[in-house]
Amino acid sequence: MSGQKKKNFQIEAFKHRVMVDPKYAEKTWKILEHAIQEIYNHNASGLSFEELYRNAYNMVLHKFGEKLYSGLVTTMTSHLSDISKSIEAAQGELFLEELNRKWLDHNKALQMIRDILMYMDRTFIPSTNKTPVHELGLNLWRDVVIHSSKTQIRLQDTLLELVHRERNGEVINRGLMRSIIKMLMDLGSSVYQDDFEQHFLEVSANFYGLESQQYIESCDCGDYLKKAERRLNEETERVSHYLDARSLEKITNVVEKEMIENHMHRLVHMENSGLVNMLVNDKYDDLGRKYNLFRRVANGGLLIVRDVMTSYIRDTGKQLVTDPERLKDPVDFVQRLLDLKDKYDKIISLAFNNDKTFQNALNSSFEYFINLNARSPEFISLFVDDKLRKGLKGVSEEDVEVVLDKVMMLFRYLQEKDVFEKYYKQHLAKRLLAGKTVSDDAERSLIVKLKTECGYQFTSKLEGMFTDMKTSQDTMQGFHESLGAELGDSPSLTVQVLTTGSWPTQPSATCNLPAEILGVCEKFRSYYLGTHTGRRLSWQTNMGTADLKAIFGKGQKHELNVSTYQMCVLMLFNNADRLSYKEIEQATEIPASDLKRCLQSLACARVKSVLRKEPIGRDIAEDDAFSVNDKFSSKLYKVRISTVAAQRESEPENQETRQRVEEDRKPQIEAAIVRIMKSRRVLDHNNIVAEVIKQLQSRFLPNPVVIKKRIESLIEREFLERDKNDRKLYRYLA
Amino acid sequence: MEEGKNVKEQKVGRLEEWRRGLKALRADTVNKLKKALPELEKEVKRPTNFVDFYSYAFRYCLTEEKQKSIDIESICELLDLVLGSQFREQVDFFVEYLKTQNDYKVINNDQWMGFYRFCNEISFPDFSNYDPELAWPLILDNFVEWMLAKQS
């Protein structure tokens, strides 16, 4: 800019002629020097800005810029030396105040001086690469005043002392602090950092190191964290009030390191007040604080919290699922699982900010321990059965959905979903046939959820069961309409026709139905087969129920609701007063284990039983004798005796179901192998195993040994062969 | 498989005779084979064709039309005959295993061939280079497990 001005300088700014007086420069300088002095002496009001400006301007113009500049430097330096001495001389508290006051004065003076020398600032200085006036003023202040050997240390110590006092609870002059700190910042960020910030951080680290050590010995975890949080808030406030904003991150890092990072393990594992204690006692505030504080630590602060929480949940869950006491009551078992999930869901939402990594850790923990107990699928189905049978009675639609969604959540954790399917089918069948479901809508809603989760295949058979129930209603209507008159006095019959394949398979068992009902049964059979050719019907005697009207010895009349088996047994007593077990067995041809159970429920109940057994006792022997209990009584007219409700399986039944599940899995594994080989043509063993697992894992986790066996079976049946050259490979045979 | 085929073609007449006779006297399978072996051994000109011969020996014992496996007892005798001279120890131990285990009542061709490969490739009796996660027939996985349990 100055170059341009010199080139284009044609017009004289002042009208009078300027004479080149050899003493001119010296004279002019003296005027200016005097002015500077007056400014520093707070006597600026008597000066004429215009005149001084003109003088400075002229000096530069006549090429005396160098003299002007060096004069400025000298003068300012000498004034600042005086100022520095007066600051050094200040006693105690007054030191900082004096420094501040002098600094503010200097700034004002500098402003005026800069204004006066503006022409030099804009022309001479840039062209000679000298430091501009304002900056020069700051640098001189720094070098002469701040970095005077006495002042430098004293300033540092004073500032740190004040911070320390404030940390100990004293009130300090924050305005003064702010002004001094701002001065350091104005002098340059390296001045702020070297003269203050660096030491500030060091001292703070020591301070918090000591304090944290003290606290950790004397406080419990909750209190310690409160204190740490408070200190962090304090430091944040301190920065906003009188430090450079860029110091915020640095000082909070110091506090985080000293108070949290260095004591992470101890805080988490603190006895009686650590993380586990907080989790157990639902201390949401403490947990939230812990989460927020530990989150600040970059090197795995949250990791340690999450890991400790995960292993605690795993242990708790494992204990729950392997406790033999808990296994006696499946509904309670599942309820406890749901309660556990609810508890931690709440903790994660209220205290852990819905952190996804914590959610994942919770999910993986549940997946881990639910599958530790092989009966989990069965128990979850029993829980659902209980809810749909009675538990959800009178519950609003939305609440029903909530419960079902929770069940689905547990279902998702199961590895053996095919086992669940098997039990669910059994239990559903019992509910449908006994007409014992609280809400059809709830049943259907759950089926829809299962379908969404597992696909159409999973639920097609279940839906088939519902269809059969509906169809049977229609069939019964048609039956009564067409044979109404014929039926007359026969016992009234309600038939449900079940499509084989949709319903759980039952081994067919023998059972001789009493003569009284054979007639009407046959009529139904011919009616049905008349309208549906090409089908075969077989009575499922282990699934039916009957209502019997009974008159006992003293004339008591009751209606007994019994199972089909029980009906066959009881009807025998119309023609005989006393029967031995053997006779009953021969007459009914019911399989022994079922018959024994049936008789136990008739004769060995704790409340008055319908039958009497000699000798008394639960075990049934060949020669035991049975007769009707003439003393039978009940408050109710209608008495329920049948035990068709779903129950937890006995050990041997459980083994049987397990075996059936294993058998069912074999064709599924083979189908997967064939599917994979058909598309890949050639594949090595490890990859087949991996692919099969991947394909089937939504239903169950196939055992690699079983997979190998299936492959060998497929080789034998010539679906696959081993590659002739590389025995690790299998080949698909079209 | 050429050599085996050639042998078959050349001696089709005699083999057919044997076959017919064997069908009538199923129990004599192994004895007949014992007699036939020296003859068959001569037919095989190159010693590297042992694997073909080994494979043929199995097929030879399949008397029925759709038969695919051979009972354990016959297999034991067959192994002794065919592999006894080459892999004495492996054969002895495997035979003992076959006789004591209950999982398998018959052996199929895949398992038969697998055992030959096993003798050739796997170090015995430490099985240090055996990996049950590879494509070895399951019966050999079980055999190795049984051997290792015995040794410890």
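Trainee: In what order do the three strands of the antiparallel open sheet in chain A run?
Mentor: The order is S3-S5-S4. Strands pair if DSSP finds at least two bridges between them. Helices (H or I, at least four residues) and strands (E, at least two) are DSSP runs, numbered from the N terminus. Before we go on, this is a predicted model: local features need pLDDT of at least 70, side-chain atom pairs count only at pLDDT 80 or more, and totals for chains, interfaces and linings use all residues. Residues count from 1 along each chain as its sequence is written, chains are lettered from A and ligands numbered from 1 in the order written, and side-chain values use heavy atoms, without hydrogens and water.

Trainee: Which are the edge strands there?
Mentor: Strand S3 (578-580) and strand S4 (611-614) of chain A. Each pairs on one side only. Neighbouring strands are turned by 25° against each other on average, direction ignored.

Trainee: How many bridges join S3(A) to S5 of chain A?
Mentor: Three, and the two strands run antiparallel. S5 covers residues 625-628. A:Leu579 stands opposite A:Phe626 in S5(A).

Trainee: Which helix lies across S3 and S5 of chain A?
Mentor: Helix H27 (residues 581-588), at about 85° to S3(A). Helix H28 (residues 592-603) lies across S4 and S5 of chain A, at about 110° to S4(A). Axes are lines fitted to C-alpha atoms, for helices over the stretch in contact (heavy atoms within 4.5 Å). Angles run from 0 to 180 degrees between N-to-C directions.

Trainee: Where does A:Pro615 lie?
Mentor: In the loop between S4 and S5 of chain A. A cis peptide bond joins A:Glu614 to A:Pro615, with omega about -5°.

Trainee: Now the sheet with S1, S2 and S6 of chain A. What is its pairing?
Mentor: Mixed; it is an open sheet in the order S1-S2-S6.

Trainee: Why is one side of S1 and of S6 in chain A left without a neighbour?
Mentor: Strand S1 (545-551) and strand S6 (638-640) stand at the edges, each with a single partner strand, so one side of each has no neighbour in the sheet. Strand S2 (residues 557-563) of chain A runs parallel to S6(A), joined by three bridges. A:Asn561 stands opposite A:Arg640 in S6(A). Helix H26 (residues 564-572) of chain A lies across S1 and S2, at about 130° to S2(A).

Trainee: Switching to the interface. How much do chain B and chain A bury between them?
Mentor: About 1,300 Å², 49% of it on carbon and sulfur atoms. Buried area is the accessible area (1.4 Å probe) that two parts lose on being put together, summed over both. In chain B, B:Asp110, B:Ala135 and B:Leu138 lose the most area to chain A, together 42% of what that side buries. The contact takes 15 residues from chain B and 13 residues from chain A.

Trainee: How many salt bridges cross the interface of chain B and chain A?
Mentor: Three, counting a side-chain nitrogen of Lys or Arg within 4 Å of a carboxyl oxygen of Asp or Glu. One of them joins B:Asp141 and A:Lys708, with the closest N and O atoms 2.3 Å apart. Helix H7 (109-121) and helix H8 (138-151) of chain B each supply at least two residues of the side that touches chain A. H7(B) gives the largest share, three residues.

Trainee: And where is B:Pro125 found?
Mentor: In the loop between H7 and H8 of chain B. The peptide bond from B:Phe124 to B:Pro125 is cis, with omega near 0°.
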